[in-house]
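Okay everyone, let's get started. Have a look at the structure on the screen, and I'll walk you through it piece by piece.

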Amino acid sequence: MMHAGIAQGNGLSMDFFNLLYGPLLWKLGQKLRTGEIARCYADDLALALCSIGRLRTFTPILDAFEDLAGVGQGPKKCHWVVVKPLTQRQRNWARDLPAQWSDVRLGYKAKYLGILMGLWVTNEERFAPAL
């Protein structure tokens, strides 16, 4: 039994998503720098940022979105995928994120919409599940 939200497969779920995530993408877009992107697909959000330090700009926006809309990003499902080796200082910084983001995994690859993403992902890794 559901007490809130829209059931998966409900015909209104796409409209609900657009109503909620449209303003979020607009707000994120205000903070993006040249070369950075914010995209949504299905119920997933992807941010491509120029540095790991830029996450501090966006986590408060995502937290406010969750408070206002009641829709969270599920940090336990989130991955920060980096495209260059991290320094020890950057790794330590990631550990100092606010408590609600402490479960986010930091690495060089992650699955997004069932596809393995990351700069150093080989074709063999990417297509291994299909073979």
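Which residues of the largest nonpolar core touch the most other members? They are Tyr21, Leu24, Leu28, Phe65, Trp80 and Trp101, out of 22 residues in that core. By nonpolar core I mean a set of buried Ala, Val, Leu, Ile, Met, Phe, Trp, Tyr and Cys residues joined through side-chain atoms within 4.5 Å. Helix H1 (13-31) and helix H2 (55-69) each supply at least two residues of this core.

Quick housekeeping before I go on. This is a predicted model, so local features need pLDDT of at least 70 and side-chain atom pairs count only at pLDDT 80 or more, while totals for chains, interfaces and linings use all residues. Residues are numbered from 1 along each chain as its sequence is written, and side-chain values use heavy atoms, with hydrogens and water left out.

Now the overall layout. The protein chain has four helices and six strands; these are DSSP runs numbered from the N terminus, with helices being H or I of at least four residues and strands being E of at least two. Starting at the N terminus, the order is α-β-β-α-β-α-β-β-β-α. Of the 131 residues, 26% are buried. Buried means under 20% relative accessible area, exposed means over 50%, and partly exposed is in between, using a 1.4 Å probe and protein chains only. A contact means heavy atoms within 4.5 Å, and among contacts between residues at least 6 apart in sequence, 53% join residues at least 24 apart.

Let's zoom in on Glu36. Buried or exposed, what does Glu36 count as? Buried, at 7% relative accessibility. You'll find Glu36 in the loop between H1 and strand S1 (37-41). Leaving aside residues up to four places away in sequence, Glu36 touches Lys31, Ala48, Leu49, Cys50 and Arg54.

So what does the Glu36 side chain do with its polar atoms? One of its polar atoms lies 2.8 Å from the backbone nitrogen of Arg33, and the backbone nitrogen of Cys50 lies 2.9 Å from a polar atom of that side chain. Those are polar contacts: pairs of N or O atoms within 3.5 Å, where within protein one must be able to donate a hydrogen and the other to accept it, and residues adjacent in sequence count only if both atoms are side-chain atoms.

Glu36 also forms a salt bridge with Arg54, with the closest N and O atoms 2.8 Å apart. Because Glu36 is in the loop between H1 and S1 and Arg54 is in the loop between strand S2 (44-48) and H2, the pair ties together parts that are 18 residues apart in sequence. Arg54 is buried too, with a relative accessible area of 6%. A salt bridge here is a side-chain nitrogen of Lys or Arg within 4 Å of a carboxyl oxygen of Asp or Glu.

How many salt bridges does that rule give? Two. The other one joins Glu125 and Lys109, with the closest N and O atoms 2.4 Å apart. Glu125 lies in helix H4 (residues 123-127) and Lys109 in the loop between strand S4 (105-107) and strand S5 (110-112), so this pair ties together parts 16 residues apart in sequence. Glu125 is partly exposed, at 28% relative accessibility, and Lys109 is partly exposed as well, with a relative accessible area of 41%.
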